[in-house]
Amino acid sequence: RVMRHKPDLGRRIGAWLVNNIFCRHSSHRYSRLEHIDDFYTTSMDLETHPQAPLHSYTSSNPLHHEAPAFNQPSQIEKYKLPFSQIWTRNVLWTLAAHFFLALHISAFNAVFLLLLPLPRSDNAHAKLPFRFTGGLGLPSAKVGLATAIIGVIGLPLQLFYPTFNTRFGTLKLYRMALPFSPMAYTVIPFLALIPDKAYLVWPALACVLGLQIVARTFTLPGAIILINNSSPHPSVLGTIHGVAQSVSSAARTLGPVIGGWGLGLGLRHNIVGAVWWTMALVACANWSMTWLMQDG
């Protein structure tokens, strides 16, 4: 209260930096609206009464006009889309794709950590290409190293997302990146057949993980953007995001449970790859849904 009418040195310095350094090459400048109250009233009137003649609000100076009078401020009401009109076809398909994406990625995170320390098998009774079992038999220290590969590959890729998103568009990039997931899921169980040699296991593991990391890096941000763009009206944007978070949470709850159960079932029947190939089918279903979606 004491400093209310005194100059703010920090704000003056910040304004000088913005105007003279960061924006010095820009020819655009903003001027203060002296009649902000009248301008706001007219803008709100146009929003709530779009059928009104345009000439009644225009003049040689749009800020100087005779604005229509309202008896009460409460007459200006913000429009909100009815709940029954939220669930358009595009919203439903986008939410379904969001669910399937979270489902197979969360299942991968759980089953992958179980496969790494799983003891190796000699597969004496294997019947390739489907009936075989075993894991990679990695000790705890090397399991941590294997999971660190995800961060080492994924962190630099995150920096390229804005560039690729600008070039290809959100939905197209989503469609381009998602097929790498089923490719990774299909190949991962065959790592158990690689001889237990470090110079063979680690390059193969890094290549397979690279496929999954590319897919998740370029689809997870896109999924959130597509959820935002699918909203049929700004007034229900919070509702759409709330439902999307609930759908994603449900998928992340089911993914590890179903994945762990499927891995155990496959090991009992000597088909360790069954759960992985099922995840690949789920990812393919996820990809097929993208062709029923629209960006906006």
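This is a predicted model: local features need pLDDT of at least 70, side-chain atom pairs count only at pLDDT 80 or more; totals for chains, interfaces and linings use all residues.
The largest nonpolar core has 47 residues, and the members that touch the most others are F108, L116, Y185, L205 and W276. Helices α3, α4 (140-168), α5 (170-177), α6 (180-187), α7 (198-229) and α9 (274-289) each contribute at least two residues to this core. The greatest contribution comes from α7, with nine residues. There is also a second, separate core of eight residues, with L95, I227, V236 and I240 among them. As general background, nonpolar side chains in soluble globular proteins tend to be buried together.

I turn now to W276. Setting aside neighbours within four places in sequence, W276 contacts F108, V111, F112 and L115, and also Y185, I188 and P189. Two of these partners, F108 and Y185, are named with W276 among the core residues that touch the most other members.

Next, the histidine. H104 belongs to helix α3, which spans residues 89-115. Beyond its neighbours within four places in sequence, H104 is in contact with L178, S181 and Y185, and with M279, V282, A283 and N286.

Finally, the cysteines. How many disulfides does the structure hold? The number is zero. C207 has a relative accessibility of 56% and so counts as exposed, whereas C284, at 39%, counts as partly exposed.

Terms used. Residues are numbered from 1 along each chain as its sequence is written. Side-chain values use heavy atoms; hydrogens and water are left out. Helices (H or I, at least four residues) and strands (E, at least two) are DSSP runs, numbered from the N terminus. Contact means heavy atoms within 4.5 Å. A disulfide is a pair of cysteine sulfur atoms within 2.5 Å. Buried means under 20% relative accessible area, exposed over 50%, partly exposed in between (1.4 Å probe, protein chains only). A nonpolar core is a set of buried Ala, Val, Leu, Ile, Met, Phe, Trp, Tyr and Cys residues joined through side-chain atoms within 4.5 Å.
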